[in-house]
Structure formats: C-alpha cells, structure tokens
Amino acid sequence: MKVTIKAIASAMSTQQISLVAVRIAKTKKVDEETTERRVKTLLNKIVTLSKEKKIKVVVSSDWAQIVEKGMPVGIHFKERHQSKIPDILERLGSDVFIGTSSHSIESALNAVSKYNLSYLFVGTCFATASHPEKEEKDLEGPSLPGKVRRVLRENSNSSPIVIAIGGINEENCHIPVLDFGADGVAVIRAILRSSDPAETARKIRANMLHSAALGGELS
C-alpha cells in the first residue's frame with residue numbers, strides 16, 4: 001500500500017495527470033471486508049493529494065457503497081455495472097462525476113445515450129496483465145478509442161472525454177492519441193512499477209502530446 005501511494009503521489013506531483021481511478025478488484029484470496037478497508041485507506045490518501053493538485057478522483061463501482069453524498073469522489077462504472085448508475089445517482093445526486101468502460105462503439109453509444117458521462121475508458125488497446133484472458137487477436141486495439149470519439153461527436157449531443165486504456169506505456173502512448181484520435185490515455189503498471197513515476201508521467205504526457213495540434217488527458 002505504501003509503495004502504491006508513493007508512486008501515485010509522485011506521478012500526481014507533476015501536474016500532468018487529470019484523473020486518478022481507484023480500481024482495486026474483489027478477489028477470493030482476500031475477504032471483502034479487508035479489501036474494503038484497503039480501498040478506503042487508499043481513496044482517502046488520494047483524495048487528500050488531489051485537493052492540492054485539483055485532480056479528479058473516482059472509485060470503481062465495486063466499491064460505490066463507501067462513497068457518501070458530498071464526497072469529492074466520483075464513480076467509475078464497469079461496463080457490466082452500468083445498470084447500477086440510476087440507483088447510485090439517486091443516492092449521491094445527479095451531479096456526481098461518473099464514467100464507464102466500453103469495449104465497442106455500440107457499447108459507448110448506448111452508455112452515452114442513457115447517462116451523462118464525463119469520460120469513457122475505451123480498450124483494450126494492447127496486451128495487458130489486467131486482461132490476461134485476451135490474446136492478441138482478441139484485443140480491441142489502439143484504433144477503437146479514436147473511432148468511438150469520432151462516432152460520438154457525429155451521433156450524440158454528449159461528448160465525454162475518450163481515454164484509451166489497456167497496456168499503455170511511454171513507448172506506445174502516442175498511438176491511440178496521435179495516430180487514431182483518442183483524447184488521452186490511462187496507465188496503471190507503467191506508473192506503479194516505474195522506478196521514477198514522476199518522470200514516467202512526464203514522458204508519457206510529452207510523448208502523447210508530440211503534436212501541438214492535439215490536447216490530451218493522462219489518467
């Protein structure tokens with residue numbers, strides 16, 4: 001936990017990050033109560049850091065129950081949890097910051113047509129340990145986020161930020177953004193396993209924004 005918090009704090013200190021998502025998975029190896037305490041501890045630390053940096057913070061819909069009305073924390077809804085959005089908005093208020101994941105254009109269009117989303121995580125772009133079940137042929141690929149962004153702007157009144165996710169690192173982060181038109185990228189292991197998370201965050205941002213004509217978000 002201390003190593004994780006230190007890495008996140010280091011990356012956040014660069015002012016190159018706009019969103020931090022706390023997405024600790026439930027597992028049979030650890031009882032849910034213990035994991036929930038861990039999520040609360042990590043979330044509280046990140047919220048404290050985010051207030052200084054004005055960075056948005058969301059927690060996975062697996063742990064939406066720990067978020068109380070008025071907390072400066074949004075909810076990231078897993079694709080399969082989107083049906084929970086109305087009930088959680090009723091509890092927390094319609095102005096809560098929310099986003100979800102999509103793995104297809106159809107899924108993205110459906111989500112945006114139903115809910116007022118601030119962002120979409122779209123992937124899986126590259127091979128990643130987060131989805132070990134996906135072989136190379138099963139990946140949605142780095143072009144999908146850009147396709148989703150274009151289709152949403154052509155067919156929807158709502159335009160959430162489209163963030164590429166899945167196996168993103170400092171070597172490939174430019175591909176979804178500069179080559180295919182995503183708004184930005186989300187990274188996990190590239191930051192958490194870096195010997196210098198701050199420098200890694202700076203390199204990813206710089207590589208992602210290589211073209212002055214494009215903006216970008218780093219999550």
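Analyst: This is a predicted model. Start with strand E5 and strand E6. They pair in the parallel sense, over 4 bridges. E6 covers residues 161-164.

The loop between E5 and H5 deserves a stop. Glu140 has its place there. Is Glu140 buried, exposed or partly exposed? Its relative accessibility is 24%, so Glu140 counts as partly exposed. Ala127 is 13 residues away from Glu140 along the chain. The C-alpha atoms of Glu140 and Ala127 are separated by 9.9 Å.

Now look at E5 itself, residues 119-122. Tyr119 and Phe121 point one way. Leu120 and Val122 point the other way. All of these residues are buried.

Next comes strand E4, residues 98-102. E4 and E5 run parallel, joined by 4 bridges. Across this pairing, Thr100 stands opposite Leu120, and Ser102 stands opposite Val122.

How many residues of E4 are buried? The count is 5 of the 5, so E4 is largely enclosed by the rest of the structure. Ile98, Thr100 and Ser102 point one way from the strand. Gly99 and Ser101 point the other way.

E4 also pairs with strand E3. The two run parallel, and 3 bridges join them. Here Phe77 stands opposite Thr100. Between E3 and E4 the chain crosses through helix H3, residues 85-92. This β-α-β crossover is right-handed.

Take His76, which lies in E3, residues 74-77. Its relative accessibility is 1%, so His76 counts as buried. Which side chain does the side chain of His76 contact at 2.8 Å? Tyr119 is one partner, through a polar contact. Ser101, found in strand E4, is another: its side chain makes a polar contact with the side chain of His76, also given as 2.8 Å. Ser101 has a relative accessibility of 8%, so this residue counts as buried.

Finally, turn to the second largest pocket. It holds about 290 Å³ of space. Its lining has 19 residues, and the closest to the centre are Met71, Pro72, Val73, Gly74 and Phe97. By class, 10 lining residues are nonpolar, 3 are polar and 6 are charged.

Which elements supply at least two residues of that lining? Helix H2, residues 32-53, does, and so does strand E2, residues 56-60. The largest share, 3 residues, comes from H2.

Technical notes: Residues numbered from 1 in each chain as written. Predicted model: local features only at pLDDT ≥ 70, side-chain atom pairs only at ≥ 80, totals over all residues. Heavy atoms only, no water. 1 Å grid on protein atoms, 1.4 Å probe; cavity = no way out; pocket = protein on both sides within 12 Å on 5 of 7 lines; lining within 4 Å. Points joined across faces, edges and corners; volume = space filled by probe spheres on them. Nonpolar A, V, L, I, M, F, W, Y, C, P; charged D, E, K, R; others polar. Buried < 20%, exposed > 50% of the residue type's maximum accessible area, 1.4 Å probe, protein only. Pairing = 2+ DSSP bridges. Polar contact = N/O pair within 3.5 Å; in protein donor to acceptor, adjacent residues only side chain to side chain. Right-handed = clockwise from strand over helix to strand, strands pointing away.
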